[in-house]
Amino acid sequence: MERAREQASTGGPDQPARRPDETGTALELLVHGVGGTTPQEMLNDPRTVRITGDDIAAVFRRADDVDAENSPGDRRRDGPVPEAYVWCNLTSGNGTRALWLLLLPFMVVNLAHWMRPSARGRRRTVRLYGLLVRLAGLTLTVLLVAAACEVALDLAAWQCAGTRACADRHSWLGFLSPTVSDGGWWSSPGRRLALASFVPTALTVLLWYLSRRTWSDYESQQPPARDPEPDEDGGSTALGRPGFWYGRRLVARLRAAHTAAGLVTVAAAVAGAAARHDREPGGPALLNTLGLLLEAALAACAVAVVWVVCRRGRSERRIDRELDERFVRRLPLAALVLLALALLYAGWERPGWESAGRLPGDAAFGGLALVQGLLVIVLAGVAHALHRTDPDRRAVLRGLGGPAVAMLACALGGVMSGGVAQRVSDWLDGTGTSIDGPPVLLTWQASVIPPLIMVLLVLFGWLAHRAWQLARAEREAVARDYPDEAQDRARTRRIAYTRAMASLTDRGPRIVAVTSGVTLLLGAAALVGAMATDETPGEAARGTYPVVHGAAETAEALGSWLIGLGFILFVTWGRRAYKDASARRTIGILWDVGTFWPRAAHPFAPPCYAERAVPDLTWRIATWTRVTGGRLVISGHSQGSVLAAAAAWQLTPSTRKRVALLTYGSPLERLYGRWFPAHFGPAALGSLHREVDCWRNLYRLTDPIGGPVRLPGDHDLGVDHVPLPDPLSYGRTDLHPLPAPILGHSDYQADPAFAEERRKLLARLRPDLPAPRHTAEQPCPGPEADPQSSSGRSSA
């Protein structure tokens, strides 16, 4: 059943329209968090009706509240009309969507783009930061396609099909083998490479198709078109700009560039082997000339790809509706034509040409690793310069969070590429002697996995010890928070342990810093070792001390198997997360943070659900307040609070002043404010507090995700509630005769403080007339600080 009361209006959501008689109706727009829930659970009623929306995202009400604005006198209940915005289908679905996890490096590098420090008056430096991240994203695309070329072209078509022992073990390669097929037409090395090139080409086309399809399914929702109001200055965050949630132009341009880069990579791998043979003494002069011309054309196309990626990024101050047709259509087409020419060139008859050794891939993979390392180092310098212009003590790693995450993205790409190549090589070469295997750099990169895991185990051991120390310290705090209760040591220990584990979230930056730093050092050592020895770690250590040789061989074998095992577990957990709600809530926060942001650095990253959710919320809030003139509270839990804040920033100032914001279990400052200071830093959150009518934030010390907003100055008196008690009752009472559970991140509405804070927010709002602005002398309504309660979490 579809209903949309805003259909009575004309024009856009912020255009003048005739409004029915004001009823003073109050609306609570509920926005759920990670993992989602059903509208029946959100509204606490089995009978719900879809008011507006579709099967992907929609607004629901109780059946009794469908026409609440027209007949408020018939409603026999207190409080506002509850309305639920359900967006969980944007991030969950059938098990096949777990395949998006294979694109995790692309998502991580896209996150690094949004992690830049806040800066004042450094527009060129900000653009340089975005450019470096986009170039790092381009190298990841080339690395992924190059890994597919390594598996299909080098290991399968060149080495295994060219070796009789390997081809005999794998009959499906027999028609490519010169000996098994008795010199068949496909047995020529160039034709084998041309045929195998369809695997990386299909991968590139698949990435292009997924990016284009998800754009139409997820990100094609245009924000409300509006003209800036006289008092609108753009705000303290880019999230309030009209074009922030509509990056169609940039995504299309980057998609064309990355697609062309993938096709050029395949063409270079195919043509490079043939051109190397033609340059040998006695080679055909005509083919040698054609090879040089083709390589020059591929180099020119590669330069064009880099130039397109280096062009200006997003235009957030306006909605970009026009595409760069010259690049979006012509660049991939040009790359496809060059690929076709490369296949034709490689497939030309060359008598006496035989495949031996490896394809020339060592230099390519080594060059990619070197470029990625240099990009991360330069990015760190740029981030440090930006952080110095506007220091934020809460920003993670002193503004270096973005470079650290970009390093992890490059490491993930290298590990996945090396792991797949190593496992395929082991599968093809059962004896380990018939083929040479993948480039030695990939083997070195796989071999650094065991040392990295040892470092991480030490780090997690330190975290466990730190949690034990915090739990001991929290026991006294628990006793102070429940002074009138008979103490139960087991109960106190359980509450203290939950608080200690929740506080470990604030140690996340240390984990990222150590992992990123160790990864950079180990990656550099792997690159130097591969380039210096041109041998695998086991071969390079032969002749040294037995313990060194044994450690090198063990690391090489373990690294290969660990990557294979990790790949299987990765897909399995991802599939379970999409199908199992409890698993999705456990690991979903990291995925939902990653896919919250638009694809500004990598077009093949998983789709951005916020480019659908934020316009949905903006349209609903703007039209409802304009049509009814009623009071509206945006009630956001967990990730829903981030969507609520983003939607509030998208409203016009006049509409924003007519709504209140209630957040609970919110990561707005604890995760987003620290990791994304340019967009959720103190200035941005402070402006949101000033511009909405009122804002209250609820959190618990047992919540591993939510936390206080920590606005500077006197503002925090009006935003953060004192930490809610958890559990609600320490022991058995008349109100709680059974033991009360430790709620942590869930069921904030079970606390009486939730209903009380919502009531105060609604009492402050008035139809058609915003309440007087709160000041330090007149904070948002809320309980006075309890001297017996903890003031908040300790900062990391």
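**Chat on a predicted model: disulfide, salt bridges and surface**

Colleague: Is the link of Cys-160 and Cys-166 left-handed or right-handed?

Modeller: The link of Cys-160 and Cys-166 is left-handed, with -90° about the S-S bond. Please bear in mind that this is a predicted model.

Colleague: How far apart are the sulfur atoms of Cys-160 and Cys-166?

Modeller: They are 1.9 Å apart. The pair qualifies as a disulfide because the cut-off is 2.5 Å between cysteine sulfur atoms. The count for the model comes to one disulfide.

Colleague: Is Cys-160 buried or exposed? And what about Cys-166?

Modeller: Cys-160 has a relative accessibility of 0%, so it counts as buried. Cys-166 is likewise buried, with a relative accessible area of 0%.

Colleague: What about Cys-88 and Cys-310?

Modeller: Cys-88 is buried, its relative accessible area being 12%. Cys-310 counts as partly exposed, since its relative accessibility is 32%.

Colleague: Let us step back. How many helices and strands does the protein chain have?

Modeller: The protein chain has 25 helices and seven strands. It comprises 796 residues, and buried residues make up 56% of them. Of the contacts with a separation of 6 or more, 81% are between residues 24 or more positions apart.

Colleague: Why is helix 5 said to be largely enclosed by the rest of the structure?

Modeller: Helix 5 spans residues 189-196, and seven of its eight residues are buried, so the rest of the structure largely encloses it. The buried residues of helix 5 are Pro-189, Gly-190, Arg-191, Arg-192, Leu-193, Ala-194 and Ala-196.

Colleague: Turning to charges, how many salt bridges does a search of the whole structure find?

Modeller: The search finds 22 salt bridges. In general, side chains of opposite charge can pair when their charged atoms come close.

Colleague: With which residue does Asp-278 form a salt bridge?

Modeller: Asp-278 pairs with Arg-350, and their closest N and O atoms are 2.9 Å apart. Asp-278 belongs to helix 7 (residues 248-278), whereas Arg-350 is in the loop between helix 9 (325-346) and helix 10 (362-389), so this pair ties together parts that are 72 residues apart in sequence. Asp-278 and Arg-350 are both buried.

Colleague: Where do Arg-612 and Asp-616 lie?

Modeller: Both are in helix 19 (residues 610-628), four residues apart, which is about one turn of the helix.

Colleague: Which residues are linked in a network of salt bridges?

Modeller: The network links Asp-54, Arg-612 and Asp-616.

Colleague: And what is the N to O distance for Glu-669 and Arg-710?

Modeller: The side chains of Glu-669 and Arg-710 meet in a salt bridge of 3.2 Å, N to O. This pair links distant parts of the chain, 41 residues apart: Glu-669 is in helix 22 (residues 668-675), and Arg-710 is in the loop between strand 7 (694-698) and helix 25 (752-764).

Colleague: Is Glu-669 buried or exposed? What about Arg-710?

Modeller: Glu-669 counts as buried because its relative accessibility is 6%. Arg-710 is partly exposed, with a relative accessible area of 27%.

Colleague: Now the surface. Which residues form a nonpolar patch there?

Modeller: The patch is formed by Ile-453, Leu-457, Leu-558, Leu-562, Leu-565 and Leu-569, which together have about 480 Å² of accessible area. Helix 13 (449-481) and helix 17 (546-579) each supply at least two residues of the patch. Helix 17 contributes the largest share, four residues.

Conventions
Residues numbered from 1 in each chain as written. Predicted model: local features only at pLDDT ≥ 70, side-chain atom pairs only at ≥ 80, totals over all residues. Heavy atoms only, no water. Buried < 20%, exposed > 50% of the residue type's maximum accessible area, 1.4 Å probe, protein only. Patch = residues over 30% accessible without salt bridge, like charges linked within 9 Å, V, L, I, M, F, W, Y side chains within 5 Å. Areas by Shrake-Rupley, 256 points an atom, 1.4 Å probe, with all protein chains shown as cover. Salt bridge = Lys/Arg side-chain N within 4 Å of Asp/Glu carboxyl O. Contact = heavy atoms within 4.5 Å.
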